[in-house]
Amino acid sequence: MPDLAPIATLKRSSLWRQPSTGDLVAGVSVALVLVPQSVAYAVLAGIPPERGMVVGVVATIAAAPFLASPYLQSGPTAITSLLTLGTLSTLASPMSESYVALAALLALMVGAIRLGIALSQAGELAYFLSSPVLAGFTSAAAVVIVASQLPTLTGAPADADSVLVQTGQVMANVGEWNPVAVAIGLGTVAVVLLARRLSPLVPGVLIAIVAGVLIGQATATGDVAAETLGELPAATPVVSLALPWSRVTDLLVPALIIAVIGFSEAAAIARKFAAEERFAWDPDREFASQGVSNLAAGLVGGFPAGASFSRSALNHMAGATSAWSGLVTGLLMVGALPLVGLLADLPRAVLSGIIVAAVGRLADPGPVFALRTESRQQFTIALVTALATLLLAPQVHWAILIGIALSIAAHLRRERYITTEHWVEDGHLHLRPTGVLWFGSAPRFEEQATTLITGQEVTAMTIHLQRLGRTDVSGAYALRRIVELARDRGVTVDLTDPTEASRLIIERVMRTTGS
């Protein structure tokens, strides 16, 4: 029977505490960033801008009662939006009604998977992805996101499906760049980065939005005007289950990837704060919070959400002490919903500038190349994952699968080899295997031992087991066959010092033959 983790979480929620002044300040500070980011990340995901605001509201409020980390801030994120675009762009046209419906279904599936992981107490899946895969994917995904914004930042036409080809088209047509769009985009990046340098509490993103609207209005009648968002419908959360349920099978694998990959960002943030503040963090509980937030986003026609590193860091720095800060952020977002129409004159280049400023620092190859001196094999995995992300964009979820497959293959290859130290003393053969004795390595160990037993005259044999790690039933059977071969040749056999990880299975298998 599954553990009722979400219900238990409600009883432990920090919302039962009285909100502090820090929670209020932090909630307001994050809301000033979340409003423009919600719009920008919706566009990145191929979703109408106003729906980003809706996701910002419901994902933040829904997650608050279940949060394991009081500092985590849920809502639209860049990486999750990119994964959404990559998943859905081959199934429907971005911004279309069918695309939006698929995005809502994807959010529901991501939410259901995360909630299922929480209920089955399998939160350790948060650590399933290897560091090299995450390093390679994150740095390359940031490059892809920045590259995907170049057409909007420059105003140059680009119609290729591949992000790399699209980038080449933009760079080859410098003469078609819109100088107003370029100035607005670069100015936005500069404002956001400068504000961040001055203080995380300075709402650089909001300043850029307000300035962008004013500039958009001032340049609307000029000879060279930047493209604006145009009229936006009211952003109202409306619950609906009229979704393309027949496409569930098409979305299953991407939903699994987004559920785990998207959560890895939340896990990294929460673990960092838990280590700094010295409090216990529960991944099962956090899977529940992120599952509920995605279910809420899907129910109102949104798209998959996650936890933002920048907004969570701002939340922490602004003095948040409980999940009340997230609730304050969500409630302020509700008040901003009727104002979304004011963004009609906002140049799209501003949104692109916000995205570039947010993810630019992630486009750092340093963590990947640091692996070169630590492990060439892991460096290769990270590099291949990064290259696959660049080449397959926007379908970057396949790059993650490639990275996972390489990691598993490397692990299996490493565990396939087992070394057997041996020596003979007065007709007594000693074997000391080192490694993991499982069905992949058992044949090699059996071959080594058989060669040593039949290749020389011995009267006794001791197999020293203290260097064996985990042993499965195939490995234990191989060990039994070696013992039986030795005894058939008149050799006495002794098994010594089995590790705790292998002792029980070896004893059971040996007992079935009276060994």
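Predicted model: local features only at pLDDT ≥ 70, side-chain atom pairs only at ≥ 80, totals over all residues.
# Helix packing and aromatic pairs

Visitor: Is Gln378 buried or exposed?
Guide: Buried means under 20% relative accessible area. The relative accessible area of Gln378 is 19%. Gln378 is therefore buried.

Visitor: Which residues does Gln378 touch, not counting residues up to four places away in sequence?
Guide: Contact means heavy atoms within 4.5 Å. With residues up to four places away in sequence not counted, Gln378 touches Pro132, Leu371 and Arg414.

Visitor: Are Phe369 and Phe379 stacked, edge-to-face or tilted?
Guide: Planes under 30 degrees apart count as stacked, over 60 as edge-to-face and the rest as tilted. For Phe369 and Phe379 the ring centres are 5.6 Å apart and the planes stand at 50 degrees, so the pair is tilted.

Visitor: How many residues apart in sequence are the parts that Phe369 and Phe379 tie together?
Guide: Phe369 belongs to helix H16 (residues 366-374), while Phe379 belongs to helix H17. The pair therefore ties together parts whose separation in sequence is 10 residues.

Visitor: Which relative accessible area does Phe369 have, and is Phe369 buried or partly exposed?
Guide: Buried means under 20% and exposed over 50%, with partly exposed in between. Phe369 has a relative accessible area of 38%, so Phe369 is partly exposed.

Visitor: Does Phe379 count as buried or exposed?
Guide: The cut-off for buried is under 20%. Phe379 has 10% relative accessibility and therefore counts as buried.

Visitor: How many aromatic pairs does the structure hold, and what are the centre distance and plane angle for Phe263 and Phe287?
Guide: The structure holds 4 aromatic pairs. The rings of Phe263 and Phe287 are stacked, because their centres are 3.7 Å apart and their planes are at 15 degrees.

Visitor: Are H10 and H15 roughly parallel or roughly antiparallel to each other?
Guide: The axes of H10 (residues 204-219) and H15 (residues 348-359) come within 9 Å and cross at roughly 165 degrees. Angles over 145 degrees count as roughly antiparallel. H10 and H15 are therefore roughly antiparallel.

Visitor: Which residues make the contact of H10 with H15?
Guide: The crossing of H10 past H15 is right-handed. The contact residues divide into 6 nonpolar, 1 polar and no charged. From H10 come Val205, Ala208, Ile209 and Gly212, and from H15 come Val350, Leu351 and Ile354.

Visitor: Is H6 roughly parallel or oblique to H8?
Guide: H6 and H8 (residues 163-172) pack with axes 9 Å apart at an angle of about 45 degrees. Angles under 35 degrees count as roughly parallel. H6 is therefore oblique to H8.

Visitor: Which residues of H6 and H8 meet?
Guide: H6 passes H8 in a left-handed crossing. The contact holds 3 nonpolar, 3 polar and no charged residues. Val144, Ala147 and Ser148 of H6 meet Val163, Gln166 and Thr167 of H8.

Visitor: Which helices do the buried residues of H4 pack against?
Guide: Helix H4 (residues 78-88) is mostly covered, with 11 of its 11 residues buried. These buried residues, among them Ala78 and Leu88, pack against H2, H5, H6, H11, H15 and H18.

Methods
Residues numbered from 1 in each chain as written. Heavy atoms only, no water. Axes fitted to C-alpha atoms, helices over the stretch in contact; angles between N-to-C directions. Helix = DSSP H or I, 4+ residues; strand = E, 2+ residues; numbered from the N terminus. Parallel < 35°, antiparallel > 145°, perpendicular 65-115°, else oblique. Left-handed = near helix turned anticlockwise from the far one by under 90°. Nonpolar A, V, L, I, M, F, W, Y, C, P; charged D, E, K, R; others polar. Buried < 20%, exposed > 50% of the residue type's maximum accessible area, 1.4 Å probe, protein only. Phe/Tyr/Trp six-rings, centres within 6.5 Å; stacked < 30°, edge-to-face > 60°.
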